[in-house]
Amino acid sequence: MRVFIATDLEGVGGVLLDEQVGGDSPEYQRARHLLTEEVNAAVEGALAGGASGILVDDGHATGSNFIFDELHSEARYVMGAARPDWLPGLGEGFEASCFIGCHAMAGTQGAVRDHTMSSVAWHGMWVNGKAMGEIGLWAAMAGHYGVPCVLVSGCEKACEEAEELVPGIETVVTKKGMSRYSAILEPAEKVRAMIRERATTALGKAKTVAPYRVATPVEIRVEYNNAGYADEVRIIPGRERIDARTVAYRGPNVVEAFRML
Ligand SMILES: [Zn+2]
């Protein structure tokens, strides 16, 4: 069974603060290690569940977060910036998808580091009128290719967001947010053990969890944090300025609508 694993950094166990998600601080280097170990746990669990041909996407910021020489040897990895798509390779015939280290959508109270795409520029996103974050977008894009989303790890609110979208999805709560930048943390070893175990369980559900599909054609509305971001969007066919801060992007399906951004 071919498995696509998407990753982000904000939902990894132990990651809370700005200095952990970028820059050149020792804390960011520690966070990279924590992410890499969660990836390895997911790969181990997936292999135990019958996976082969695992592709793991390093999705945070410029896609250079994994510590390459510490990665599990039985998977392949997408890394680096200026990609052809948000989740490159997702359309290459996978049978299940997992999302490790993910965060809740912008505006979720009690979530750790909630945001959608950009804390600086984005206020929110709606897909066909439904408020969504990156978990929803991942699920919808996987659904476009007929791939079920079977496992999510992240803070408690991120897991709740996934469960609302995808009935039957397995989840691993890495931390329970007390505020945007504080949480009650599960220990790193326990998080890795849970990811390993539930990745195996999740792959057993690949035939029963339905792919999450959104109706077509698709409209993605992005409300930016101020009008300046919307002013910079050139209006061409497929894009419409809705109001000062909001632009609608349209396409025949969710993947192509997102390419309009
Ligand atoms: Zn991120």
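This is a predicted model: local features need pLDDT of at least 70, side-chain atom pairs count only at pLDDT 80 or more; totals for chains, interfaces and linings use all residues.
Trainee: What does the corresponding reasoning give for helix 1?

Mentor: The 23 residues of helix 1 should span 33 Å at 1.5 Å a residue. Its end C-alpha atoms are 33 Å apart, which agrees. Helix 1 is followed by Gly50, with a positive phi near 105°.

Trainee: Why are helix 1 and helix 4 called roughly parallel to each other?

Mentor: Their axes cross at roughly 30°. Angles under 35 degrees count as roughly parallel, and helix 1 and helix 4 are therefore roughly parallel to each other. The two axes come within 7 Å, and the crossing is right-handed.

Trainee: Which residues meet where helix 1 and helix 4 come together?

Mentor: On the side of helix 1 they include Leu34, Glu37, Ala41 and Ala48. On the side of helix 4 they include Val191, Ile195, Ala199 and Leu203.

Trainee: What makes a residue of helix 4 count as buried, and which residues are these?

Mentor: A residue is buried if 20 or more other C-beta atoms lie within 10 Å of its own. In helix 4 the buried residues are Val191, Arg192, Met194, Ile195, Arg196, Arg198, Ala199, Ala202 and Leu203. Among the elements that cover them are helix 1 (26–48), strand 1 (2–7), strand 4 (96–102), strand 7 (149–155) and strand 8 (170–179).

Trainee: What makes strand 6 and strand 11 the edge strands of their sheet?

Mentor: Five strands form this open sheet, in the order 6-5-10-12-11, with antiparallel pairing. Strand 6 (130–132) and strand 11 (239–241) are its edge strands: each pairs on one side only. Neighbouring strands of the sheet are turned by 25° against each other on average, direction ignored.

Trainee: How do you know that strand 10 pairs with strand 5 and with strand 12?

Mentor: Two strands pair if there are at least two bridges between them. Strand 5 (residues 122–127) and strand 10 (residues 218–224) have five bridges, in the antiparallel sense; Trp122 has Tyr224 of strand 10 as its bridge partner. Strand 10 and strand 12 (residues 246–251) have six bridges, also antiparallel, and Val218 has Gly251 of strand 12 as its partner.

Trainee: What makes the side chains along strand 10 alternate?

Mentor: Val218, Ile220, Val222 and Tyr224 point to one face and are buried.

How values were computed:
Residues are numbered from 1 along each chain as its sequence is written. A residue is buried if 20 or more other C-beta atoms lie within 10 Å of its own, exposed if 12 or fewer, and partly exposed in between; C-beta atoms are placed from the backbone. Helices (H or I, at least four residues) and strands (E, at least two) are DSSP runs, numbered from the N terminus. Two residues are in contact if their C-beta atoms, placed from the backbone, lie within 7 Å. The expected span of a helix is 1.5 Å times one less than its number of residues. Axes are lines fitted to C-alpha atoms, for helices over the stretch in contact, and angles run from 0 to 180 degrees between N-to-C directions. Angles under 35 degrees count as roughly parallel, over 145 as roughly antiparallel, 65 to 115 as roughly perpendicular and the rest as oblique. A crossing is left-handed if the near helix is turned anticlockwise from the far one by less than a right angle, and right-handed if clockwise.
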